[in-house]
Amino acid sequence: MCGIAGIIGQADTTEILDILQNLQTRGRDATGVAFNAPASKIVKAGIDASSFVENKTFKHTIKQAVKQSTVCLLHTRQATHGSPSHNSNNHPLYSDKGIIIHNGIVNVTGHYESAIGETDSEQLLLAMDKHGVKGGLERASGSYAIAYQSFELPHLVYLYNHISPL
């Protein structure tokens, strides 16, 4: 299983580092963070959270983004579909319409060829892009929890779970 968390409101660097370290027990294959400040910034890598928080790119991004961000989505990955060595499989995942983090296994009715990665999470994101948040979720089954942020409404975060705890 993966670790997912979020901060709505002004976050601080220490809080983000602490959350990532605590989430590491839920997944060590990859780590990622998305900020909505002022345009979305995503930093992710196929490494565990302990290594990720020492990464220069992450440190630079967090220093800049935390000052302006009002939403932060955090993820530690336990890979089930798609290799963590391909960053397109690591979370947060994004499209032209939004950002998603996911925990669990999700099966989506249909297959979306525009996927660049190999994950069930990306298939859910693409279903939500095509059919709206509710319509995309209606096409999904399995045991999962998500946090989704729409670029259209950047201060709104959708939380949803089906069987898996949120």
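Tutor: One term before we start: contact means heavy atoms within 4.5 Å. This is a predicted model, where local features need pLDDT of at least 70, side-chain atom pairs count only at pLDDT 80 or more, and totals for chains, interfaces and linings use all residues. Residues are numbered from 1 along each chain as its sequence is written, and side-chain values use heavy atoms, with hydrogens and water left out.

Student: OK. Leaving aside neighbours within four places in sequence, what is Thr61 in contact with?

Tutor: Phe35, Lys41 and Val43, on that count. Thr61 itself is found in helix α3. Helices (H or I, at least four residues) and strands (E, at least two) are DSSP runs, numbered from the N terminus.

Student: Is Thr61 buried or exposed?

Tutor: Buried, at 13% relative accessibility. The cut-offs are under 20% relative accessible area for buried, over 50% for exposed, and partly exposed in between (1.4 Å probe, protein chains only).

Student: Switching to cores. How many residues has the largest nonpolar core?

Tutor: It has 19. A nonpolar core is a set of buried Ala, Val, Leu, Ile, Met, Phe, Trp, Tyr and Cys residues joined through side-chain atoms within 4.5 Å. Those with the most contacts inside this one are Ile16, Leu20, Val33, Phe58 and Leu74.

Student: Which elements each supply at least two residues of it?

Tutor: α1 (13-23), β2 (30-35), β3 (41-45), α2 (49-52), α3 (56-68) and β4 (71-77). The largest share, 4 residues, comes from α3.

Student: Which other core lies apart from it?

Tutor: One of 16 residues, with Leu93, Leu125, Met128 and Tyr144 among them.

Student: And rings? How many aromatic pairs are there?

Tutor: The count is 3. Rings of Phe, Tyr and Trp (its six-membered ring) pair if their centres lie within 6.5 Å; planes under 30 degrees apart are stacked, over 60 edge-to-face, and the rest tilted. Tyr144 and Tyr160 make a tilted pair, 6.0 Å centre to centre with 40° between the planes.

Student: Where do those two sit?

Tutor: Tyr144 is in strand β7 (residues 140-150) and Tyr160 in strand β8 (residues 157-162), so the pair ties together parts 16 residues apart in sequence. Tyr144 is buried, at 1% relative accessible area. Tyr160 is partly exposed, at 29%.

Student: Why does the Tyr148 and Tyr158 pair count as tilted?

Tutor: Because the ring centres of Tyr148 and Tyr158 are 5.9 Å apart and the planes are at 45°. Tyr148 lies in β7 and Tyr158 in β8, so this pair ties together parts 10 residues apart in sequence. Tyr148 is buried at 3% relative accessibility, and Tyr158 is partly exposed at 29%.
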